[in-house]
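This briefing covers selected local features of one chain. The points below are grouped by topic.

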Amino acid sequence: TPSEAAVLAQLRDMWKAAPSVVKLWVEAVDACHGPWPGIGCALTDDLTVQTPCSVLNSTCTVVTLKIPNGNLTGEIPLILAGLSNLQHLDLRGNLLNGRVTPELLDSFPMLSFLDLSLNYFTGTIPRARNTSFEYDTWSRNCFSSENSCHLAPQMRSVAECRQQTSLQLQPCVSWTRTHLLLLIVVVLVCPVIVIAALSAIAIYYWRSRSLQAAHFWQLRSSMRADVEEQAGSQRNVCRQFSYQELDAATNSFHQNALLGAGATGFVFQGKLDDGTTVAVKQLDTRNSGMLINDEFWNEVKVRGAIQHPNVVTLRGFFKGIGGSDPMLVCEFMPNGSVLDALLSDNTPLRWPRRYSIAHGAALGLEYLHEHCTPAIIHGNLKPSNILLDRDFTARVGHFGSVRVAKVSQRAVVSTLGFVDPEYGVTGKLTEKSDVFSYGMLLLVLVSGRRMLESQPSGKPQLLTWMQLLAKAELSELVDPRLEGNFDKHEVSLCAQIVLLCTRIQPELRPSMSEVRRILEGIMPVPNSGSLDTPVTSSHTSFVSMSHFSGSFYGTSDSL
Ligand SMILES: Nc1ncnc2c1ncn2[C@@H]1O[C@H](COP(=O)(O)OP(=O)(O)OP(=O)(O)O)[C@@H](O)[C@H]1O
């Protein structure tokens with residue numbers, strides 16, 4: 001058409017300098033009839049068949065424009081839009097640059113072939129309204145991606161594009177930067193929420209457990225206190241017995257009445273005139289080297305006034321007149337001592353019972369230390385001195401005798417292993433000496449009778465057990481006779497209490513009320529940072545001290 005003839009004339013003027021087919025576009029020749037090389041025309045009534053016609057004919061239209069590899073430069077001319085019936089546009093392999101707008105492509109509604117590859121077009125690949133082309137149409141240009149931070153696939157190199165165009169790529173914003181806020185939320189807030197939720201659950205669990213435990217132990221103690229109070233009011237107070245009374249009660253200290261023997265004498269079962277069963281402990285002053293003096297009898301009277309559900313009640317005494325040994329008369333404990341229970345070949349003590357014994361003994365000691373004025377120090381706490389009443393409640397028995405009676409070295413040696421090493425050094429007993437012995441008692445309750453047995457060398461295996469404990473090898477520490485039936489949490493609590501109680505420095509050991517509260521679960525175990533100087537610590541270790549070996553231990557007999 002005449003308008004298209006004008007477009008072609010302009011294109012010729014624009015591109016004639018380039019060494020391309022445009023050079024052969026001669027003005028005198030009809031662009032559609034010659035036709036000019038690269039130009040194809042058709043009549044408007046059948047655009048599918050290319051036909052020579054006159055460019056000035058209004059029914060003659062340009063349908064093809066092919067100028068490949070023609071060194072054409074500059075931007076793609078907008079006047080090209082005037083060739084509105086173009087079906088085939090091939091400008092591949094030129095030096096064209098600038099943007100290809102979708103509007104330009106939309107002005108060729110009949111376009112079925114387009115090749116603009118191998119140029120230097122920039123911007124983004126245009127998405128024309130009516131036309132979709134093969135991907136190669138655009139390849140080897142300088143088109144960039146949507147966010148124009150890198151080139152689209154199958155483009156030229158960035159360096160080549162930068163050389164030929166004013167291509168400017170934005171710095172690529174990383175995913176992490178764009179999602180920084182989200183990341184902060186995920187990395188910081190989520191763990192905080194999770195930790196808070198877990199802590200809330202843990203606190204809730206711990207509090208409910210503590211409350212339950214506290215309630216349980218309170219109920220249990222108050223029930224026992226009531227029962228004991230009733231029984232106590234019916235019983236005689238501590239009184240002096242005559243030899244004849246005790247002789248009659250024990251059937252003249254008959255072998256059959258013998259309950260056991262300790263370093264300071266024999267213990268017999270006896271029945272008093274009023275029908276109550278008692279334990280009569282003979283104090284062998286000759287062989288044990290005990291010094292029984294006024295101070296001892298004063299102490300005995302103080303002991304006689306003590307009534308507590310976890311302390312063996314002293315019913316009376318015999319002062320040892322006429323060459324006979326002095327004697328102490330105590331409540332009879334039908335289930336013997338913890339030592340008897342642990343050494344027995346009968347059914348081993350089950351774990352709940354051991355834990356309840358540990359708790360009962362702690363209550364008894366707490367009473368002696370913290371509720372008696374002046375405080376009473378047991379001074380000889382060990383498995384044979386924790387007695388078990390008819391329902392296996394632990395009762396602290398035979399206290400005070402070592403401290404006041406100034407027993408001989410032999411008697412002291414008999415209890416070593418349970419005696420505070422500090423006592424061995426200073427000769428002074430304090431509440432913390434009992435705390436040490438309590439720790440050792442707890443260790444025996446956890447590890448069972450093996451700990452009381454001797455090694456071939458004759459030493460008890462105390463050292464081995466303390467080392468296992470220090471290495472936290474609880475599975476090896478726990479009494480195999482329990483056959484795995486124990487509460488892991490309670491065992492671990494006990495192990496931690498052992499370490500606390502056996503610290504070398506007495507002032508770092510807990511008080512008995514603290515021990516009791518840890519056992520009841522109403523006080524947390526002090527953190528491990530403060531557990532750094534247990535008796536087995538390699539630096540200031542009691543174990544490493546030379547006197548904690550060889551004859552320093554007693555044998556199993558003396559325990
Ligand atoms: N009140 C009691 N009721 C029942 N049995 C008892 C009582 N007191 C002691 N026994 C029995 O007698 C055994 C020895 O008790 P004893 O107090 O003499 O032992 P020990 O503490 O080793 O001696 P020591 O206190 O002289 O060092 C205990 O293991 C226990 O079997």
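Which residue of strand 6 is the bridge partner of His88? It is Phe113. The model is a predicted one.

**The five-stranded sheet**

- The bridge between His88 and Phe113 belongs to the pairing of strand 4 (residues 88-90) with strand 6, which is parallel and runs over three bridges.
- These two strands are part of an open sheet of five strands, ordered 2-1-3-4-6, with mixed pairing.
- Strand 2 (46-50) and strand 6 (113-115) are the edge strands; each has a single partner strand, so one side of each lacks a neighbour in the sheet.
- On average, and ignoring direction, neighbouring strands of the sheet are turned by 30° against each other.

**The annotated segment**

- An unreviewed UniProt entry places the feature "transmembrane region" at residues 180-206.

**Cys238**

- Cys238 sits in the loop that joins helix 5 (180-234) to strand 8 (239-240).
- With 20 other C-beta atoms within 10 Å, Cys238 counts as buried, the cut-off being 20 or more.
- Leaving aside residues up to four places away in sequence, Cys238 touches Lys301, Gly304, Ala305, Leu314, Arg315 and Gly316.
- Val300 is 62 residues from Cys238 in sequence, yet the C-alpha atoms of the two are 9.2 Å apart.

**Helix 10 against helix 14**

- Helix 10 (residues 351-371) packs on helix 14 (residues 431-447) at about 175°, and the axes are 11 Å apart.
- The two helices are therefore roughly antiparallel, a term that applies to angles over 145 degrees.
- Helix 10 contributes Arg354, Ile357, Ala358, Ala361, Ala362, Leu365 and His369 to the contact.
- An α-helix has 3.6 residues a turn, so residues three or four places apart point the same way.
- From helix 14 the contact residues are Glu431, Asp434, Tyr438, Leu441, Leu442 and Leu445.
- By class, this contact of helix 10 with helix 14 comprises nine nonpolar, one polar and three charged residues.

**Helix 18**

- Helix 18 (residues 512-520) is mostly covered, with seven of its nine residues buried.
- The buried residues are Met512, Val515, Arg516, Arg517, Ile518, Leu519 and Glu520.

How values were computed:
Residues numbered from 1 in each chain as written. Predicted model: local features only at pLDDT ≥ 70, side-chain atom pairs only at ≥ 80, totals over all residues. Axes fitted to C-alpha atoms, helices over the stretch in contact; angles between N-to-C directions. Helix = DSSP H or I, 4+ residues; strand = E, 2+ residues; numbered from the N terminus. Parallel < 35°, antiparallel > 145°, perpendicular 65-115°, else oblique. Contact = placed C-beta atoms within 7 Å. Nonpolar A, V, L, I, M, F, W, Y, C, P; charged D, E, K, R; others polar. Pairing = 2+ DSSP bridges. Buried ≥ 20, exposed ≤ 12 C-beta atoms within 10 Å, placed from the backbone. UniProt positions renumbered as here; feature names shortened; annotations may be inferred.
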